Amino acid sequence: RRVVRQSKFRHVFGQPVKADQMYEDIRVSKVTWDSSFCAVNPKFVAIIVESGGGGAFIVLPLAKTGRVDKNHPLVTGHTAPVLDIDWCPHNDNVIASASEDTTVMVWQIPDYVPVRNVTEPVVTLEGHSKRVGIISWHPTARNVLLSAGCDNLVILWNVGTGEMLLVLEDMHTDLIYNVGWNRNGSLLVTTCKDKKVRVIDPRKQQVVAGRGPALVPWLTRVTNRDGGFGAAAHPPTTALAPQKNFEEPIALQEMDTSNGVLLPFYDPDSSIVYLCGKGDSSIRYFEITDEAPYVHYLNTYSSKEPQRGMGFMPKRGLDVSKCEIARFFKLHERKCEPIVMTVPRKSDLFQDDLYPDTPGPEPALEADEWLSGKDAEPILISLRDGYVPVKNRELKVVKKNILDSKPPPGRRHSHSTCNPDFSPALEEVLEEIRALKETVQAQEKRISDLENKLCQFTN
């Protein structure tokens, strides 16, 4: 007689939120690219949208559900469509965007809703020669951002100084499909159009493991991204390979015959992999264990409408009082629908077994420490009393002045040495500009607060 496997996640079920808790009237981007088009954190949901004359995405406070005003300000600045967005794990007000215009931009999003479009990024990172389709923040080091472009380059940036840290070239022979960090950010894994998986040590700039043809990287981070283009005879497959041995997958899971690209999300706290097919209308989820057969199918959440993209909430943004273990933000053509994954429990008390300590918003390393060879595990926090997002922390970019390290050749003098009165005058102008910016921001906040009060009265 078959013994039923014991698992606390066997009865996990998905449920869409009520209609008034959705985000309606959003023109989701129609760009043909395989990113998720949506990024969420405990404060905001960001969605790549259609926009004329360049690329844009919209940022909404999580609580601002319902119909979105058609004049709601966008984050605009790219001169071509935005292809990928990613929230900084160490600052809930900072988001990076990658675009077809070959640049990566990093933005500071205020806690209040701005009155006008946000058009000035904190820093623009230029180094790719073709469109940039993938960005990913380092999980433990402050201000380290990875970008991968169609020029087959992977570049690591220090956002705090706006400079390149590392350029990984001559490692990929074709288009890079996906990039993922391991838990402490010491290694990264890539999947490529040449059907090879590469585990890369970025600081040594070398491939430490690789195999082909393969569809899937390691379990500690991501699963198949490029498996959706097989013909019906070769359905998308999800394979899990052990981290140190890429000769054979330890488990092979055949999916359906749909042509959609699989968007994978892995929750290391519960060891559950969620697979969302782009253009599909379901989310399949599997539990991963240490013993054979390793992959255990749990269930499928199905709905009527296909998803155009999917956002995945970090653990600290979930409602622990309702035993919520995952929350997805499913993009339709004109709306975003949150889907809540819950473990059914009778007790209202905090469930220790469902919520082990999880990575918090504090970085474990500085960018220079990581670059010099240091590694550190994420700094964990308890969710026992729920998580309260920290106040707006400003990202300061200190660009290194090349003139400091290279004295000008010959008898050229800077303006400040020629004219001693120039420097104080410039300082005065800069100070005045700063003061004016602060005044404008204060007025925008005041207008936003008044609009919110007016909305409450009209409601």
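A: **Cavities, pocket and cores**

Searching the whole structure turns up three cavities of 30 Å³ or more. (On a 1 Å grid over the protein atoms alone, a cavity is a set of points where a 1.4 Å probe fits but cannot get out.) The model is predicted, so local features need pLDDT of at least 70 and side-chain atom pairs 80 or more, while totals for chains, interfaces and linings use all residues. Residues are numbered from 1 along each chain as its sequence is written, and side-chain values use heavy atoms, without hydrogens or water.

The largest cavity holds about 110 Å³ of space. Its lining has 13 residues, and Val59, His72, Ile109, Val113 and Pro114 are the closest to its centre. By class, 12 lining residues are nonpolar, one is polar and none is charged.

Now the second largest pocket. It contains about 1,300 Å³ of space. (A pocket is an open set with protein on both sides within 12 Å along at least five of seven lines; lining residues have an atom within 4 Å of a point.) In all, 27 residues line this pocket, and nearest its centre lie Gln108, Glu120, Glu394, Lys437 and Gln441. Helix α4 (residues 422–458) gives the largest share of the lining, nine residues. The classes here are 11 nonpolar, five polar and 11 charged residues.

Next, the packing. The largest nonpolar core counts 39 residues. (Such a core joins buried Ala, Val, Leu, Ile, Met, Phe, Trp, Tyr and Cys residues through side-chain atoms within 4.5 Å; buried means under 20% relative accessible area with a 1.4 Å probe, protein chains only.) Ile26, Val45, Ile47, Phe57 and Phe329 have the most contacts inside this core. At least two core residues come from each of β3 (38–40), β4 (44–49), β5 (55–61), β8 (82–87), β10 (103–108) and β27 (324–331). (Strands are DSSP runs of E, at least two residues; helices are H or I, at least four.) β4 supplies the largest share, six residues.

Take isoleucine 47. Beyond its neighbours within four places in sequence, Ile47 touches Ile26, Val28, Phe37, Cys38, Phe57, Ile58, Ile85, Leu331 and Cys336, with contact set at heavy atoms within 4.5 Å. There is also a second, separate core of 25 residues, with Phe265, Leu298, Tyr301 and Phe328 among them.

Last, serine 7, in the segment before β1 (13–16). Serine 7 counts as buried because its relative accessibility is 15%.

Definitions and conventions:
Buried < 20%, exposed > 50% of the residue type's maximum accessible area, 1.4 Å probe, protein only. Points joined across faces, edges and corners; volume = space filled by probe spheres on them. Nonpolar A, V, L, I, M, F, W, Y, C, P; charged D, E, K, R; others polar.
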